[in-house]
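Hello,

Have a look at the structure before you read on.

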Amino acid sequence: MTVNKIQNGSSCTLSVKGRLDTVTAPALEAEIAKITDADSLVIDFKELEYISSAGLRVLLATHKNFVKKGGLTITNPNETVNDVFEVTGFNDILVIK
């Protein structure tokens, strides 16, 4: 998994490529923890191939932190990732575009 970060004022965008699973979720969590000066976070999943429950846990914790600020938005999930969001009910919790 690779993560690219773009900071734009009080908003930050992370583009995630590869697989978000038990092995890689701690790396994404560490990248998100470094974001201390952003009010809103966008995570672009255009190039994310797969997400596991470990990845969902990171998203849930991130949502809880950013909902107090400007919010968390997930963009561009592919059909496979979107299916996981639907089955788990995450599409009712997260803002997904």
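**What I found**

Asn 76 sits in the loop between strand 4 and helix 3. Helices here are DSSP runs of H or I with at least four residues, strands are DSSP runs of E with at least two, and both are numbered from the N terminus.

Before going further, a word on where this comes from: the model is predicted, so local features need pLDDT of at least 70 and side-chain atom pairs count only at pLDDT 80 or more, while totals for chains, interfaces and linings use all residues. Residues are numbered from 1 along each chain as its sequence is written, and side-chain values use heavy atoms, with hydrogens and water left out.

Back to Asn 76: its phi is near 55 degrees, a positive value in a residue other than glycine. Asn 76 counts as partly exposed because its relative accessibility is 40%. For that scale, buried means under 20% relative accessible area, exposed means over 50%, and partly exposed lies in between (1.4 Å probe, protein chains only).

In what order do the strands of the open sheet lie? There are 5 strands, in the order 1-2-3-4-5, and the pairing is mixed. Strand 1 and strand 5 (95–96) are the edge strands, each pairing on one side only. Two strands count as paired if DSSP finds at least two bridges between them.

Going through the pairs:

- Strand 1 (residues 2–8) and strand 2 (residues 11–20) are antiparallel, with 7 bridges. Ile 6 stands opposite Thr 13 in strand 2, and Asn 8 stands opposite Ser 11.
- Strand 2 and strand 3 run parallel and are joined by 9 bridges. Here Leu 20 stands opposite Ile 51 in strand 3.
- Strand 3 (residues 40–51) and strand 4 (residues 71–75) also run parallel, over 5 bridges. In this pair Asp 44 stands opposite Thr 75.

Helix 1 touches strand 1, strand 2 and strand 3, and its direction makes about 175 degrees with that of strand 2. Helix 3 (residues 79–88) touches strand 3, strand 4 and strand 5, and its direction makes about 110 degrees with that of strand 3. For these angles, axes are lines fitted to C-alpha atoms (for helices, over the stretch in contact), and the values run from 0 to 180 degrees between N-to-C directions.

Thr 75 belongs to strand 4. Is Thr 75 buried or exposed? At 16% relative accessibility, Thr 75 counts as buried. Leaving aside neighbours within four places in sequence, Thr 75 contacts Val 42, Ile 43, Asp 44, Phe 45, Lys 46 and Lys 97; contact means heavy atoms within 4.5 Å.

**The hairpin turn**

Strand 1 and strand 2 form a hairpin with 2 residues between them, and Gly 9 in the turn has a positive phi of about 65 degrees. Ser 10 lies in the loop between these strands and, at 40% relative accessibility, counts as partly exposed. Which residues does Ser 10 contact, leaving aside neighbours within four places in sequence? They are Asp 37, Ala 38, Asp 39 and Ser 40. Ser 10 and Asp 39 are 29 residues apart in sequence, yet their C-alpha atoms are 5.3 Å apart in space.

**Helix 1 against helix 2**

Two packed helices are described by the angle between their axes and the distance between the axes. For helix 1 (residues 25–33) and helix 2 (residues 53–66), the angle is about 15 degrees and the axes are 9 Å apart. The two are therefore roughly parallel; the class takes in angles under 35 degrees, with over 145 as roughly antiparallel, 65 to 115 as roughly perpendicular and the rest as oblique.

From helix 1, Ala 25, Leu 28, Glu 29 and Ile 32 meet Ala 54, Gly 55, Arg 57, Val 58, Thr 62 and Phe 66 in helix 2.

Thr 62 of helix 2 counts as buried, at 3% relative accessibility. Leaving aside neighbours within four places in sequence, Thr 62 contacts Ile 32, Leu 41 and Leu 72.

Best wishes
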